[in-house]
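Here is a model to explore together, with the sequence and coordinates side by side. Shall we take it one question at a time?

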Amino acid sequence: MANTSSAYDTLSGMVVNTQAAAIYAAFERSLFLSGQMIPTINVPAGSYTAQVPLVDGTVTVDEAAHGGDFATEELTLSQIDATKHEVRAITYGARAVLRNIGSPDPTAIGTTIGHKISAAYDADVMTALLAMNDNTPVATAGDLTMDKLFLAASAIRARGETGPLFGIITPAMAYQLMGDISTAAFGGGDYQGEALRNGFVTSAAGIQIFQSSHATTNGVIFGADAARQAQFSPLAVTMTDAPTKLGMDVVGSLAQGVKVIDEKRGVVLTAA
């Protein structure tokens, strides 16, 4: 018999490869875990909440004419804590069994765990974003069209948002929007080729637009500072003996939370 070995010869080798597969699957299949749309705060171990101040919080700016100086007591004392928000940790866990015989490859189990955890997290993020109601929703009765995107963007810009805007829309809305973009009025744009890339639909009205199965009825347009994510413990995988199941328990976990901290930086696109 040949003398061979693999990464699965030891428990540590199995854990490393299974965890790597879980992390890869989670980040590849999530719109939010990477932090590109919603900034992520890394929270020290042992914490359950993260304190996040508003970007436009209660900070007073004083001015001195002709390049004058300020005495310390002349500057207004601002209480940033008055406009802070708490992002609370939510723990996501998924468990599977790696049997001694007849079980899938450990990395396949890791991929499934990572996919399921990221899907649960993305669903919670979408729930939070779609609950924004500070701005008047933009009704897309009929189809989602370019003029409705511009209306949503203008509502956010008028409230002081100058940063990038992102949109998450339903697959049906994506179909409607691309039908509008593909008309002669937008035939010369750069949108049509990019619309075929994964969940990315197009860049229009200054908005990077994506479609997601987690947006089932309504969509949302928002600025990056509308919400914050907080990571309390990164995605990790542990394995323990499960003698009664003739194998090992594989448990994946993630502790992360999200909260909308400034509703004026978002607009919900309602299908009604």
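This is a predicted model: local features need pLDDT of at least 70, side-chain atom pairs count only at pLDDT 80 or more; totals for chains, interfaces and linings use all residues.

The questions below go from the whole chain to single strands, helices and residues.

Q: What average pLDDT does the protein have?
A: Of the residues, 76% score at least 70. Over residues 1-8, though, the pLDDT is below 50, and that stretch has nine contacts beyond near neighbours in sequence. For the protein, the average pLDDT is 79.

Q: How many contacts beyond four places in sequence does the model have for residues 184-197?
A: Over residues 184-197 the pLDDT stays under 50. The model still has contacts beyond four places in sequence for them, and their number is 21.

Q: What percentage of the protein's contacts with a separation of 6 or more comes from residues 24 or more positions apart?
A: The protein has five helices and twelve strands, and 39% of its 272 residues count as buried. Among contacts with a separation of 6 or more, residues 24 or more positions apart account for 78%.

Q: Which strands stand at the edges of the six-stranded open sheet?
A: The order of the sheet is β5-β12-β9-β6-β8-β7, with mixed pairing. An edge strand here has a single partner strand, so one side of it is left without a neighbour in the sheet.

Q: Which strand pairs with β6 in the parallel sense?
A: In the sheet order, β6 sits between β9 and β8. Four bridges join β6 to β9 (residues 219-223), and these two run antiparallel. The parallel pairing, over five bridges, is with β8 (residues 207-211).

Q: How many of the five residues of β6 are buried?
A: Leu 165, Gly 167 and Ile 169 point one way from the strand, while Phe 166 and Ile 168 point the other way. Residues on both sides are buried. Strand β6 (residues 165-169) is therefore largely enclosed by the rest of the structure, and the count of buried residues is five of the five.

Q: How far apart in space are Val 201 and Gln 211, C-alpha to C-alpha?
A: Val 201 is found in strand β7 (residues 200-204) and is buried, with a relative accessible area of 1%. In sequence, Val 201 and Gln 211 are ten residues apart. In space, their C-alpha atoms are separated by 6.5 Å.

Q: Which residues are in contact with Ser 118, leaving aside its neighbours within four places in sequence?
A: Ser 118 lies in helix α2 (residues 106-130). At 1% relative accessibility, Ser 118 counts as buried, the cut-off being under 20%. Its contacts beyond those neighbours are Ala 25, Ala 26, Arg 29, Ser 30 and Leu 33.

Methods:
Residues are numbered from 1 along each chain as its sequence is written. Side-chain values use heavy atoms; hydrogens and water are left out. pLDDT is the predictor's confidence in each residue, from 0 to 100. Contact means heavy atoms within 4.5 Å. Buried means under 20% relative accessible area, exposed over 50%, partly exposed in between (1.4 Å probe, protein chains only). Two strands pair if DSSP finds at least two bridges between them.
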